[in-house]
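Colleague: Please take a close look at one part of this model, a single packing contact. Then set it against other parts of the chain.

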Amino acid sequence: MADDRELKEVMCTSYPEKVVNGTKRDDRDPLEIKVYKKRWIILALFITYTALSTFQWIQYSIITNIISRYYNVSSLAVDWTAMTFMAYYVVLIFPMTYIIDRLGFRWSNIFGCGLSCLGSWIKVFSVNPDRFYVTFIGQSCVAAMQTIVLTLPGRLAAQWFDASEVSTATSLSIFGNQLGIALSFLFTPMIVKNHKDLDDIGNNLSQLFWAVAIVITITFLLVILLFEDDPKLPPSTTRALQKLNQMETKEGFVEPMKRLFKNKYYLLLCNTYGLNVGVLNAVATLLNQIYLAHFKNGEEDAGRIGLAMIITGMLGSVSFGVILDKTHKFKETTVIVYFLSLCGEIFFAVFTCLEMKWMVYLSAIFLGYFMAGYVALGYEICAEYTYPESEGMAAGILNVTNNAYGIVLVLIMGKLLEMYGDIPVHIGLCTALLVGLIMTVLTKDVQRRQDAKKGAEYKEVRQTEKKNESNGLETN
């Protein structure tokens, strides 16, 4: 009942009076919409610079044994190069959400891409066995940028894409994150070899850092030149309603935050999403160590397995986005994907322990398609549960949980791996997914955004009917 009441309040603002607070409105239909071709340029740039940034998330962890030897640090210290992305997100999300709300879409992206560019150049100067602290500083800059990027896929899709394209656009926005991780899994072990001579390892690292820094600098310049805020007209009626609601209420940062924390379905989603993506983060971070426990000198194989997981995950994200756009079966799709993610983790654990390399590859492909593909589903369900709240704010809090769960799982599983081997790690990760699956099954199917769209369409039909009736009376 509370959700219906809030939806009615939103609908009441969809046709405001001609004069609000003493200011005259123009005669333009408040629900006038237009889809701009430039949306594809904005999306392509977003995918590119997020890919270059997330490339750096896993580039140390996937060659943990090499980095640990080159810089003479523990494997835990190398794990922290990946966990910084999660830790900074948890620490910075609330101040960054406030800043994003003030900066707007364009300057938020410029700021985020600029931070990533700065961090990439700092890492160029970290190539020396006694400069691990320098590489950590550079990694921290790129990690801080993630606080901005992870909140924007849903917002980009809502601001620029038609309602029939929103789920697909969201999944494509996340595609950039996954593409970067996939490329890092592939190229980092290929470029940085486990040479006996540390100078040779340093040369490989230098080649890697210079390449990333140059490409992201070019992308940064394009973001400055081509990125825009909102289009002049909203692309869908749901976006128009959302903008009108925000204009009428003129709320700050605190009130929407309070409503989100009172939304029980959203809070439940935060935990189910957090467990699933947290397990994915733990698998990616510890993959090198888990694989090498069974396959000696398998750095490149571990990278290729990670690549297979993420590539199929990208396909999963896009295909699930299309499915949601076509069917709107949000809960059914989520439960199935979550269950198959658990199955994939079980298969991966069994075949890794049995040391059947080709089956490890196949199970990683299966696992990646559903577990990494689930990321886009989480964003879309988040938008449905929290409409008409800001997508950026809702997604920001959503990602706090997966990063918090990710840190906890990496620390616990890393310690278990060090002390008892990888079997307890696999059991722990499967248990986390099982808990998440049970919570997902118990969650109610709420579709507030879809209800708002249907309500807007109904009002438009009723207004058309009234106009036709009045025209008929005038003719008579």
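Modeller: Start with helix α14 (residues 330-353) and helix α15 (residues 357-371), which pack at an angle of about 160 degrees, with axes 8 Å apart. Axes here are lines fitted to C-alpha atoms, for helices over the stretch in contact, and angles run from 0 to 180 degrees between N-to-C directions. That angle makes α14 roughly antiparallel to α15. The cut-offs are under 35 degrees for roughly parallel, over 145 for roughly antiparallel and 65 to 115 for roughly perpendicular, with the rest oblique. The crossing of α14 past α15 is left-handed, a term for a near helix turned anticlockwise from the far one by less than a right angle, with clockwise giving right-handed.

Which residues of α14 and α15 make the contact? On the α14 side they are Val337, Leu340, Ser341, Cys343, Gly344, Glu345, Phe347, Phe348, Phe351 and Thr352. On the α15 side they are Met359, Val360, Ser363, Ala364, Phe366, Leu367, Phe370 and Met371. Contact means heavy atoms within 4.5 Å. By class, the contact of α14 with α15 has 13 nonpolar residues, four polar and one charged. Nonpolar covers Ala, Val, Leu, Ile, Met, Phe, Trp, Tyr, Cys and Pro; charged covers Asp, Glu, Lys and Arg; the others, Gly among them, are polar. An α-helix has 3.6 residues a turn, so residues three or four places apart point the same way.

Some ground rules. This is a predicted model, where local features need pLDDT of at least 70 and side-chain atom pairs count only at pLDDT 80 or more, while totals for chains, interfaces and linings use all residues. Residues are numbered from 1 along each chain as its sequence is written, and side-chain values use heavy atoms, with hydrogens and water left out.

Helix α13 (residues 299-327) and helix α16 (residues 374-386) pack at about 35 degrees, with their axes 7 Å apart. α13 brings Ser317, Phe320 and Leu324 to the contact. α16 brings Tyr374, Ala376, Leu377 and Glu380. Five of the residues in the contact of α13 with α16 are nonpolar, one is polar and one is charged.

Now the whole protein. There are 19 helices and two strands, taken as DSSP runs (H or I of at least four residues for helices, E of at least two for strands) and numbered from the N terminus. Of the 476 residues in the protein, 56% are buried. Buried means under 20% relative accessible area, exposed over 50%, and partly exposed in between, with a 1.4 Å probe and protein chains only. Among contacts with a separation of 6 or more, 85% are between residues 24 or more positions apart.

Helix α2 (residues 39-54) is worth a look. Its 16 residues reach 22 Å from first C-alpha to last, close to the 22 Å expected at 1.5 Å a residue. The expected span is 1.5 Å times one less than the number of residues. The rest of the structure largely encloses α2, because 12 of its 16 residues are buried. Those buried residues include Ile42, Leu45, Phe46 and Tyr49. The buried residues of α2 pack against α4 (75-103), α5 (105-124), α6 (132-149), α7 (153-160), α8 (166-191) and α9 (198-226). Arg39 belongs to α2 and counts as buried at 10% relative accessibility. Leaving out residues up to four places away in sequence, Arg39 touches Trp160, Phe161 and Glu165. α7 is mostly covered, with eight of its eight residues buried. Trp160 is one of those buried α7 residues.

Move to α9. Ile201 sits in this helix and is buried, with a relative accessible area of 0%. Ile201 and Arg69 are 132 residues apart in sequence and 9.8 Å apart in space, C-alpha to C-alpha. Beyond four places in sequence, Ile201 touches Ile66, Arg69, Tyr70, Val192, Lys193 and His195.

Ser68 lies in helix α3 and is buried at 18% relative accessible area. Ser68 touches Val73, Ser74, Ser75 and Val78, again not counting residues up to four places away.

Asn72 is in the loop between α3 (64-71) and α4, and Asn297 is in the loop between α12 (264-292) and α13. Asn72 is not a glycine, yet has a positive phi of about 55 degrees. Asn297, also not a glycine, has a positive phi of about 55 degrees. Asn72 counts as exposed at 70% relative accessibility. Asn297 counts as exposed at 62%.
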